[in-house]
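Please keep the structure open while reading.

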Amino acid sequence: RGIVFDKDSVQSHLQQLFALATTEPSKTEETRLRKTKTVCTVGPKTSSPGPLHELVQNGMNIMRLNFSHGRHDDALKIIHTLRDITDLVAIAVDTKGPEIRTGVVEGDQDVEVVVGTEVTVTSNESYREKCTSTMIFADYPDMANTVSPGSMIFIDDGLLRLEVTKCLDDSVICVARNSAMLGSRKGVNLPGAIVNLPAVSAKDAGDLKFAAAQDVDMIFASFVRKPEHVHEIRDVLVQAGNPHIKIISKIENLEGVQNFTSILEASDGIMVARGDLGIEIPFEKVFVAQKYMIKCCNLRGKPVICATQMLDSMIKNPRPTRAEVSDVANAVLDGADCVMLSGETTKGAWPNESLQTMTTIASEAEASMDAASRQSWALSAMPTDSGNTEAIAAAAVKLAFDQGADVIISVTETGDTVSYAAKYRPVAPIIAATQSKRVARFSNLLRGVYPIMIEKGFQHVDQVIEDAIFEAKRLGLTKSGGKAVVLHDNNIHDWEESPTIMRIIMVE
């Protein structure tokens, strides 16, 4: 027998769940604190002190530096500018990765490739700076061994589509399947192909060493195809003297999707990089991959970022399309820890409006979620072999819900307890009280976690908790008469040996 639903109760539930009643005010930042974090790519429009300060004021949690473009000295200036503004916004370096690009068009002027034209794609160095509409250099010597007749080559995010007809020693002969303008140094994608490229190029190695020297918080590793690539990146960071930098693997090709589970285990987090992914796999499958990867990250308790073209039209326009609003909201509903802006905040005409729009959408999406059900699902999926720290963090999440606590406070030196608590998606927000700026900034990757610095140090646990409650009250997370679930070590001066204590405190 089928289940019979009461129409009125279902409609009432939906109206409450998704806040569709037009008489209700939007649940924006003014009425609730946003849990989903924002990543902003900084570029020409936002790298100077004034614009960068505005991004911080408008809710940027992580600043992304794209090393596919720009120089180290420019990046260094931006890093110092941000650190002069705040110590609590995380910095991410996005590597160029093992990508394929075309050469320079003769005269560096765009040329038109006409549909039906025979086009040669070559790795012959003599054409690196002499590309034409019929002869295109690509910096991938193994092209002829990677593709075969019938394969497609996409250039410039698929704006130009070439079909391979013949493979030669150092080139492939193609037919243009559409007309398009070709510019210099455009990205090349080989959908479905397994490319033979090193995980860490000479440029990437230099960029990783620079990132280590500047003590950035995380690496956004491009085009990760297998777990060994993550290990190679980590080895470079270790050799450069900074093993603490987190590695967020960007999944943006078929091989990365196929090896996703093992890549996730090797990584500190994941970025669903939908731009190249939508070219490397059929575009109609991108949303499935997005939901799958986000859910896997949630189950594993590792942060996940949803990125690319989220508010792309706001590069030129002051308002997003309705489809873009739904895209951001659905990423939040899927369970993403962070959502990201790229061109919107590097070159766009409306960088702050883009960020404000994103945070507003995220807050409204969070208000429409059944947070209790999501928390219950996360707790039900807890592994049976969990360690003590994870078990106590999960118990704190359940206790906070059962007791109606306003907030969970974790006094942490390593951030482990905070990460485990965030994994179980508590209804209550989490305060991460720490002495470590590194831990505080990493917390910016975690949904529903708000870091505070204990500047005076962990001299006495009760004073630390009192300071954390004061900050929670200032943020509007609790008030007098409320409850807080607190996690801390019994001996706050000996984190490794001391057991974790959990207790409930009445807020005065």
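Which residues touch the most other members of the largest nonpolar core? In this predicted model, they are M60, M63 and I219, in a core of 66 residues. Helix α10, residues 286-300, gives the most to this core, namely six residues. In soluble globular proteins, nonpolar side chains tend to be buried together.

The surroundings of I219 can be listed. Leaving out residues up to four places away in sequence, I219 touches V93, T95, L208, A211, L237, I245, K246, I247 and I248.

The table gives their values and places.

| Residue | Phi | Loop |
|---|---|---|
| D156 | about 60° | between β8 (152-155) and β9 (160-167) |

Is R425 buried or exposed? R425 has a relative accessible area of 13%; this is under 20%, so R425 counts as buried.

Confidence comes last. The chain has a mean pLDDT of 91, and 91% of its residues reach 70 or more. Over residues 18-23, however, pLDDT stays under 50, and the model has six contacts for them beyond four places in sequence. Residues 27-31 also have a pLDDT below 50, with twelve contacts in the model beyond near neighbours in sequence. Where pLDDT is low, the predicted coordinates should not be read in detail.

How values were computed: Residues are numbered from 1 along each chain as its sequence is written. This is a predicted model: local features need pLDDT of at least 70, side-chain atom pairs count only at pLDDT 80 or more; totals for chains, interfaces and linings use all residues. Side-chain values use heavy atoms; hydrogens and water are left out. A nonpolar core is a set of buried Ala, Val, Leu, Ile, Met, Phe, Trp, Tyr and Cys residues joined through side-chain atoms within 4.5 Å. Buried means under 20% relative accessible area, exposed over 50%, partly exposed in between (1.4 Å probe, protein chains only). Helices (H or I, at least four residues) and strands (E, at least two) are DSSP runs, numbered from the N terminus. Contact means heavy atoms within 4.5 Å. pLDDT is the predictor's confidence in each residue, from 0 to 100.
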